[in-house]
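My notes are kept in the order of looking.

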Amino acid sequence: MPDPQRAQRGVIDTSVVIDLEQLEAGQLPIELAVSAITLAELAAGPHATGDADERARRQDRLQRAEAAFDPLPFDGEAARAYGRIYAAEVASGRKARGTRALDLLIAATACAANLPVYTRNPEDFRGLQGIVDVVTV
């Protein structure tokens, strides 16, 4: 019997994908989705370290994610949602630059799909209440 407390579907951000094997299934939605932005972050990961063992771990994680998920695209709907998310970010006094911008693009993808975003880093999504639901795991 499905858990009535768990969401049916949700977007997991990059932090959740990285820690996925350590999380309990009950903390996550029944059906997991990822943004194409998360796959882009994961694709950059192996190139962002000089440590051969870490590079191999990151490459393995990328390949597993690519095999497991058909990513939600960053499309026209997501682009429009990003405008609202960017405005909320600016209104909160925060800057949408660097890796911060990637988090906001993930949030925009979730918003466009009308899905909550699940994260290990809720501070990355502070100020987006009312635009996208953020669930901390």
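**Entry 1, ground rules.** I am working with a predicted model, where local features need pLDDT of at least 70, side-chain atom pairs count only at pLDDT 80 or more, and totals for chains, interfaces and linings use all residues. Residues are numbered from 1 along each chain as its sequence is written, and side-chain values use heavy atoms, with hydrogens and water left out. Helices (H or I, at least four residues) and strands (E, at least two) are DSSP runs, numbered from the N terminus.

I looked up how helix α2 (residues 36-44) lies against helix α3 (residues 52-68). Their axes come within 8 Å and cross at roughly 155°. For such values, axes are lines fitted to C-alpha atoms, for helices over the stretch in contact, and angles run from 0 to 180 degrees between N-to-C directions. I therefore noted α2 and α3 as roughly antiparallel to each other (angles over 145 degrees count as such). The crossing of this pair is left-handed, meaning that the near helix is turned anticlockwise from the far one by less than a right angle.

Which residues make the contact of α2 and α3? On the α2 side I found Leu39, Leu42 and Ala43, and on the α3 side Arg61, Leu62, Ala65 and Glu66. Contact means heavy atoms within 4.5 Å. By class, I recorded five nonpolar, no polar and two charged residues. Ala, Val, Leu, Ile, Met, Phe, Trp, Tyr, Cys and Pro count as nonpolar, Asp, Glu, Lys and Arg as charged, and the others, Gly among them, as polar.

I then picked Leu62, which is found in α3. Leu62 is buried, with a relative accessible area of 6%. Buried means under 20% relative accessible area, exposed over 50%, and partly exposed in between (1.4 Å probe, protein chains only). Leaving aside neighbours within four places in sequence, Leu62 is in contact with Leu39, Leu42 and Ala43. I also checked Leu62 against Glu41: the two are 21 residues apart along the chain, and their C-alpha atoms are separated by 9.1 Å.

I turned to the pairing of α2 with α5, which pack at an angle of about 150° with their axes 8 Å apart. That makes α2 roughly antiparallel to α5. In this contact Ile37, Thr38 and Glu41 of α2 meet Leu102, Leu105, Ile106 and Thr109 of α5. The classes are four nonpolar, two polar and one charged.

Is Thr38 buried or exposed? I found Thr38 buried, with a relative accessible area of 0%. Leaving aside neighbours within four places in sequence, Thr38 is in contact with Ile12, Asp13, Thr14, Val17 and Ile106.

Helix α5 (residues 99-112) has 14 residues, which should span 20 Å at 1.5 Å a residue, and its end C-alpha atoms are 20 Å apart, which agrees. I found 11 of the 14 residues buried, including Arg100, Asp103 and Cys111. The buried residues pack against β1 (9-12), α1 (14-19), α2, α4 (76-91) and β3 (117-119).

Last, I looked in the loop between α5 and β3, where Asn114 is found. Its phi is near 55°, a positive value in a residue other than glycine. Most residues other than glycine have a negative phi. At 71% relative accessibility, Asn114 counts as exposed.

Technical notes: Parallel < 35°, antiparallel > 145°, perpendicular 65-115°, else oblique. Expected span 1.5 Å × (residues − 1).
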